[in-house]
Amino acid sequence: MAKAAADDLLLCASSFCFLVLFLLGDLSASVNADDEVAPKPAAIFIFGDSTVDVGTNNLLSASRSRADFSPNGIDFPYSVPTGRFSNGLNSADQIARLFGYQRSPQPFLYSLKHQSTFKTAILQGVNFASAGSGIFKQTGKKFRHVLPLEDQVKQFATVQGNITELIGPGATDLMFSRSLFVISIGSNDLFNLVELFPNISTSGTVEYLDNLKLTYHNHLKDLYRLGARKFGIISVPPIGCCPVARAASNDTSVCVDGLNKLAQAFFQQTQDLLHTLSSELKGMKYSLGNSYEMTMSILEDPLAFGLKDTQSACCGAGPLNGKSRCLFLINPNLCPNRREFLFWDSFHPTEFASELAALSLYGGGTRYVTPINFSQLVAIDV
């Protein structure tokens, strides 16, 4: 009965908020299907890692963190592997769609290569996200070449300069105040901690997280100085439940508790950070998506979401398909029913799971996104 209702809701685009509220059980949320559709942001600027990378790393020839090969993109139009770590669209695409964009912003490096359309393209927004990257500059070094958040902010400074030349400083400030700045990052920094310091003490972990918080603080403040005002932040999911983490443990049926505790601690620190910054910086507004809670809701009751497998990767090899990459050269296992899987590969969600996350961010209640959701954030005048 619940699944049938959920399927009906999925087919009803005008009731997207009820889809979120029904599936996530947050019936106390203030959004309902009769509310007006949120205004379209002036532009969407996206920063982060592989969860929102739409092809940046394709243009980094030395990078080992790429997805421009099959079976990635198998459900994308014409089954094109675009560089998204997904069978189709990812969260960046889904968020842009919900705000009325026909497609999500192009990667900065792609737009830069097409100078004839560069300045018109950046007025719609830009995607700076780079798979394998992190808040710390050193995160992702094992992939040879990725763009950490610091470099992504520098790229945005270039965009800001070009837009200012095009429309003037006052219009640029107004445009940015009406734009949405989406940031999805942090998982790689936490994996990095565990990989580089497997025997780290509790005090060492606290120090690492404190330094991570401070570095994140500095990057967000830099974006604010460049004109960002509305921050849609997506926190880290329960990374201990990823197929790669389960596959490496002694009991693949349970999540890795240590990794999940890191994700929870990171969320709390991010929440504290955003509260502090928004009280210090005039006009700064934010929405913090709790990916941990969203994912745990699915893991606790997958059938309510129409999912049958929340442990295995759809594409990969080894235990839970979590030991090897989703790469055609190794002839990976590939599930025929992507719609029923939570995970596409050993780390990343399927297109359908990304859609559920985006719907929650856009219109969900305070259990999953605080203090307001993304649609409410965009509607605020600053």
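Leaving aside its neighbours within four places in sequence, with which residues is Ser-184 in contact? The views below begin with that residue. This is a predicted model, in which local features need pLDDT of at least 70, side-chain atom pairs count only at pLDDT 80 or more, and totals for chains, interfaces and linings use all residues. Residues are numbered from 1 along each chain as its sequence is written, and side-chain values use heavy atoms, with hydrogens and water left out.

View 1. Beyond the neighbours within four places in sequence, Ser-184 is in contact with Phe-47, Gly-48, Asp-49, Thr-51, Val-52 and Ile-234. Contact means heavy atoms within 4.5 Å. Ser-184 is buried, with a relative accessible area of 6%. The classes are buried (under 20% relative accessible area), exposed (over 50%) and partly exposed (in between), computed with a 1.4 Å probe on protein chains only. Helices (H or I, at least four residues) and strands (E, at least two) are DSSP runs, numbered from the N terminus.

**View 2. The open sheet of 6 strands.** The strand order is β2-β1-β3-β4-β5-β10, and the pairing is mixed. Two strands pair if DSSP finds at least two bridges between them. Strands β2 (125-127) and β10 (369-370) stand at the edges with a single partner strand each, so one side of each has no neighbour in the sheet. Strands β1 (residues 44-48) and β3 (residues 180-184) run parallel and are joined by 5 bridges. Ile-44 has Leu-180 as its bridge partner in β3. Helix α9 (residues 202-225) packs on the sheet and touches β1, β3 and β4 (230-234), its direction making about 150° with that of β4. Axes are lines fitted to C-alpha atoms, for helices over the stretch in contact, and angles run from 0 to 180 degrees between N-to-C directions.

**View 3. The nonpolar cores.** A nonpolar core is a set of buried Ala, Val, Leu, Ile, Met, Phe, Trp, Tyr and Cys residues joined through side-chain atoms within 4.5 Å. The largest nonpolar core has 66 residues, and those with the most contacts inside it are Phe-45, Phe-156, Tyr-216 and Phe-231. Helix α11 (residues 257-280) supplies the largest share of this core, 8 residues. A second, separate core of 23 residues includes Ala-96, Ala-129, Val-182 and Val-378.

**View 4. Helix α12 (residues 291-300), a mostly covered element.** Of its 10 residues, 8 are buried. The buried residues of α12 are Ser-291, Tyr-292, Met-294, Thr-295, Met-296, Ser-297, Ile-298 and Leu-299.

**View 5. The disulfide of Cys-241 and Cys-255.** The structure holds 3 disulfides, a disulfide being a pair of cysteine sulfur atoms within 2.5 Å. In the pair Cys-241 and Cys-255, the sulfur atoms are 2.0 Å apart. The torsion about their S-S bond is about 110°, so this disulfide is right-handed. Cys-241 lies in the loop between β4 and α10 (243-247) and Cys-255 in the loop between α10 and α11, so the pair ties together parts that are 14 residues apart in sequence. Cys-241 is buried at a relative accessible area of 0%, whereas Cys-255 counts as partly exposed at 25% relative accessibility. Cys-242 counts as buried at 4% relative accessibility. The sulfur of Cys-242 is 7.5 Å from the closest cysteine sulfur, that of Cys-241, which is too far for a bond.

**View 6. The disulfides Cys-314 to Cys-335 and Cys-315 to Cys-326.** The sulfur atoms of Cys-314 and Cys-335 are 2.0 Å apart; with -100° about the S-S bond, this link is left-handed. Cys-314 lies in the loop between β6 (309-313) and β7 (315-316) and Cys-335 in the loop between β8 (333-334) and β9 (341-343), so the pair ties together parts that are 21 residues apart in sequence. Cys-314 and Cys-335 are both buried. Cys-315 and Cys-326 are joined with an S to S distance of 2.0 Å. Their S-S torsion is about 90°, so the disulfide is right-handed. Cys-315 lies in strand β7 and Cys-326 in the loop between β7 and β8, so the pair ties together parts that are 11 residues apart in sequence. Cys-315 and Cys-326 are both buried. With the bonded cysteines of the protein numbered in sequence order, the pairing is 1-2, 3-6, 4-5.
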